[in-house]
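Hi,

Here is the structure I promised to pass on to you.

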Amino acid sequence: MQMSKIVRLSADIMYPFVVIFGLYVIMHGHITPGGGFQGGAVVATGAALVIVAHAFHDVKAMIPKILLYLQESGGLLLFIGAGLAGMLLGFPFFFNWLANSGSLFGMPVPIGPNPGELNTAGFLPLMNIAVGIEVWGGLTLVILYMLSGVGKEGY
Amino acid sequence: MFANLPYLAVATLTVIGLSTVLLKRNLVKVTMGLNILTSAVNLLIIVLGYREGGIAPIYTLAPQTYMVLPTPQALCLTSIVIGVATTALLLSFTMVIYRKYGTVNVDEIRELRE
Amino acid sequence: MALTLSTGSGFWNPVVWLIAIAFVLLVVYLLWRQGEAGYNRGSAQVKPFISGNPEPAKKAVQMPASNLYWGFTEALSGYYARVIPAHTGIVTDYLLWVLWVTAVLFLLVVIT
Amino acid sequence: MIPQFLWDHAPAMAVAVPLLAAFVCPLVGKYTATGRKAWVLLAAAATSALALFTAWRVYTLGTWVYVFGATVPALSVPPDSGGIPIRIIFEVDAMSALMQVIVAIVGFSVILYSLSADGKRSGLEAYYTLFLLLIASIVGMVSTGDLFNFFVFFEISGLASAGLIAYRVEAGRAVEAGLKYFVVSTLGGIFMLFVIAILYGQYNALNIAMLAERMQFTVLDKIALVLIIGALATKAGAVPMHFWTPDAYALAPSSVTALLVVASQASLYGLFRFTFTLYHLSLNAATVGWVLILLGVFSMFVGVTMAIPQKDVKRLMAYHAISQTGYMLLGVGTGLAVLGNQGMLDAFGRMAIAGGIFHIINHALYKGLLFLTAGAIIYRVGTRDMNRMGGLGHKMKWTMIFFMIGALAIAGIPPFNGFASKLMIYESVYLFNPVLAIIAMVVSILTLASFVKVFHSIFMGPQLPEYEHVKEVPAPMLLGMGILALLVILFGLFPQQVVDLLITPAANALLDQSGYIASILGGA
């Protein structure tokens with residue numbers, strides 16, 4: 001059984017936009033509502049959209065499972081690693097060691113009305129990116145595992 | 001009256017959630033009941049942090065400093081994330097059980113008793 | 001003494017207890033040594049002797065676990081007939097019990 | 001550099017190391033199975049060492065406060081916060097340190113055992129991830145000083161335990177057990193979240209010390225207390241909320257079961273922590289104390305009587321775990337019931353609390369040992385049904401010896417450790433209410449009776465033909481059991497040293513609410 005051509009085509013067209021929007025939510029987590037988990041969930045929804053529109057057995061081969069595993073572990077490692085790095089610098093666990101350092105994400109937050117500076121907030125964006133990568137991989141894997149037992153009959 | 005409306009919603013959701021959990025015999029519906037209960041608590045937490053007339057707690061471009069409390073929202077986000085994991089795990093269990101037992105009726109899922 | 005556990009109203013010293021046990025065992029050993037050594041490994045003495053009847057199969061001699069304490073469970077059958085069916089194995093019953101207990105605690109702690 | 005580093009950061013490292021190891025584990029396991037074993041063992045050893053180091057420092061230097069994300073680890077109240085503790089704070093006092101000792105010992109021996117027992121089975125990537133996650137969450141639960149943080153670790157431990165229980169599907173039955181455990185645990189989590197909402201709404205704080213200082217004991221606080229007791233007593237497995245316990249303990253892999261015992265005790269720790277530190281004198285001590293005592297008595301009696309007719313060896317042991325939890329609730333509940341009455345507290349209350357806490361560590365040791373021996377038997381025989389076992393003592397001598405040590409300890413036979421803690425509970429509870437002490441003794445006798453049954457039906461009797469080729473289990477499994485058995489004997493032989501060294505400071509820390517508050521907020 002297949003969805004109609006309209007559904008399949010519009011899912012294909014929507015997919016990149018969903019992914020881009022998810023990545024936007026991840027990247028701007030520290031200055032707008034949203035963050036790593038929300039963005040990652042949005043990206044995973046893109047994968048779910050494609051799987052629902054096409055039959056699961058048709059798309060199965062196209063999904064890079066190894067990459068998703070790597071994302072799942074790598075995202076969490078980045079998260080913990082960012083926390084541990086502060087410890088190696090002599091501060092407590094999860095110390096915001098990048099804030100106001102002048103390097104990556106290290107600009108001081110401007111005072112007064114401003115459109116929101118992306119390059120601020122120290123390692124919070126790093127955390128968001130790490131969580132985003134992890135949730136992207138993890139939730140997609142959850143969807144895949146739930147569908148992996150689905151037989152041809154459809155349950 | 002209107003100030004208490006959210007609390008009424010919390011109470012209603014709690015009752016709906018509890019009765020769904022206890023009265024429905026379908027495992028998927030029990031999971032949904034637990035989700036409704038979680039939503040009730042999340043709503044309660046958000047409502048506790050709400051201040052009438054307050055704005056979103058973002059200092060960028062803020063017209064005033066009278067804001068709603070950000071901590072309850074952070075708590076609520078964490079609890080939503082935990083809720084997602086919980087739901088995913090419960091539904092996977094339900095799927096495995098359906099595949100092995102051929103039923104999702106809680107009255108029939110009782111191989112382990114006594 | 002450092003090895004004594006004082007429990008407020010009493011005390012307990014495992015080392016003294018062990019020494020006492022060792023002393024009793026020593027006495028037992030000394031008594032046992034007074035006996036005659038008539039046991040021969042490898043002779044017919046090792047075989048079970050059941051009044052001349054043939055030895056039953058190993059499986060038949062083994063007492064299965066559910067037959068032990070039959071008398072105990074039978075004596076308390078009134079109690080067990082209530083408690084065992086309460087373990088229904090239905091997950092909503094488990095939740096119901098939690099809520100019942102919470103409700104009773106609510107009465108005990110909040111109302112009174 | 002390294003010792004100074006540890007000196008500064010051990011409490012956080014004790015959580016961070018197993019977390020990091022858990023997430024690396026699937027990557028390592030993808031390439032080499034041996035590498036994964038070495039990695040997991042290394043991670044478990046490192047976690048145990050860190051937890052033991054933390055405990056040692058807490059016992060020698062006093063409560064250790066560690067603030068996440070501050071510029072200095074001890075800066076619990078930053079100067080610009082207006083006297084309010086912000087950020088996630090770990091507060092490890094003597095009671096938490098005791099729990100960390102338990103996690104360190106049991107966690108390491110269980111991992112050692114599991115690497116050998118589960119090593120040849122499939123799908124191990126996520127297995128050890130969940131295992132290490134469970135250890136990390138238990139360490140987090142016992143060391144955190146923050147209510148919401150406690151909830152997060154509580155939920156992580158629920159998720160990880162449910163995953164581990166259901167890991168071996170066993171024709172769906174293990175999944176059923178995992179599901180039942182997890183539904184109940186989720187309801188507990190929802191209760192905890194309600195508590196957080198109630199307390200945060202009233203006092204604008206999540207830090208336990210801050211909440212304890214501001215505690216008014218209004219009606220809402222009473223509701224919160226009820227929900228706390230409901231949630232945490234359920235997770236600890238007190239009758240009549242114990243129904244998940246036999247299901248989950250029986251169907252989980254044995255090494256997991258031994259760790260689940262510790263996870264339940266972390267919930268019990270949470271119960272004691274909240275009643276003693278968060279509420280302390282403000283609660284109606286006699287009522288709440290009697291509630292805990294009644295839960296304890298029901299747990300003891302129903303647990304042991306339900307254990308006697310069981311046929312499944314691990315289910316039987318699970319009922320005994322419920323019954324032993326009752327002793328802890330009885331001991332600590334007696335202490336709570338006389339809280340505020342200084343004369344009675346000094347006469348027997350402190351001793352009852354110390355007995356209850358001593359029983360926690362003893363229980364973790366001997367129950368862990370018993371579940372591991374049951375796992376060893378199942379590993380060789382392939383069934384949990386005691387009716388089909390028999391005569392295994394001929395072949396599995398070491399397992400039999402370890403089982404005897406564990407069984408005698410749980411029944412409270414001298415000179416093993418169970419006797420020492422039970423004696424403390426009996427004598428102090430007798431002064432409080434003789435009937436309770438007599439019930440406790442009767443339950444102890446029934447425990448011995450039912451373990452005689454287990455011992456007889458598994459190890460005694462003639463050697464059965466179908467178990468002709470059964471061998472002793474591999475050495476790492478024996479080593480894992482041996483560590484626990486050795487500690488059971490040592491704790492039994494030198495009870496006063498253990499009580500002086502570990503238990504009395506922990507009991508005093510539990511009773512000393514102002515000390516707990518002062519170490520966060522500074523000053524008294």
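Let's start with chain B, where buried residues make up 28% of the 114 residues. Buried means that 20 or more other C-beta atoms lie within 10 Å of a residue's own; exposed means 12 or fewer, partly exposed is in between, and the C-beta atoms are placed from the backbone.

Before going on, some housekeeping: this is a predicted model, where local features need pLDDT of at least 70 and side-chain atom pairs count only at pLDDT 80 or more, while totals for chains, interfaces and linings use all residues. Residues are numbered from 1 along each chain as its sequence is written, and chains are lettered from A and ligands numbered from 1 in the order in which they are written.

Back to chain B. It has 3 helices and 0 strands, in the order α-α-α from the N terminus. (Helices are DSSP runs of H or I with at least four residues, strands are runs of E with at least two, and both are numbered from the N terminus.) The radius of gyration of chain B is 19 Å, well over the 13 Å that the globule rule gives for 114 residues, so this chain is more spread out than a compact globule. That radius is taken over C-alpha atoms, and the rule is 2.2 Å times the number of residues to the power 0.38. The C-alpha trace of chain B spans about 60 × 30 × 20 Å along its principal axes.

Chain C comes next. Along the sequence its pattern is β-β-α-α-α-α-α, which comes to 5 helices and 2 strands. Its radius of gyration is 28 Å, well over the 13 Å from the globule rule for 112 residues, so chain C is also more spread out than a compact globule. Its C-alpha trace spans about 75 × 55 × 25 Å along the principal axes, and 12% of its 112 residues are buried.

How many residues of chain C are in contact with chain D? There are 41, and they meet 55 residues of chain D; in contact means that the C-beta atoms of two residues, placed from the backbone, lie within 7 Å. On the chain C side, α5(C) gives the most, with 12 residues. By class, that side has 28 nonpolar, 11 polar and 2 charged residues. Here Ala, Val, Leu, Ile, Met, Phe, Trp, Tyr, Cys and Pro count as nonpolar, Asp, Glu, Lys and Arg as charged, and the others, Gly among them, as polar.

Chain A touches chain D too: 14 residues of chain A are in contact with 16 of chain D. The chain A side divides into 11 nonpolar, 3 polar and no charged residues.

Now for some details inside chain D. Strand β1 (residues 64–67) is covered on both faces, with Trp64(D) and Tyr66(D) buried on one side and Val65(D) and Val67(D) buried on the other. β1(D) pairs with strand β2 (residues 89–92) of chain D in the antiparallel sense over 4 bridges; strands pair if DSSP finds at least two bridges between them. The bridge partner of Tyr66(D) in β2(D) is Phe90(D).

Finally, find Lys37(D) in helix α2 (residues 33–61) of chain D. Is Lys37(D) buried or partly exposed? Lys37(D) is partly exposed, because 19 other C-beta atoms lie within 10 Å. Leaving aside neighbours within four places in sequence, Lys37(D) is in contact with Leu115(D) and Gly119(D). The C-alpha atoms of Lys37(D) and Leu112(D) are separated by 9.4 Å, although these residues are 75 apart along the chain.

Cheers
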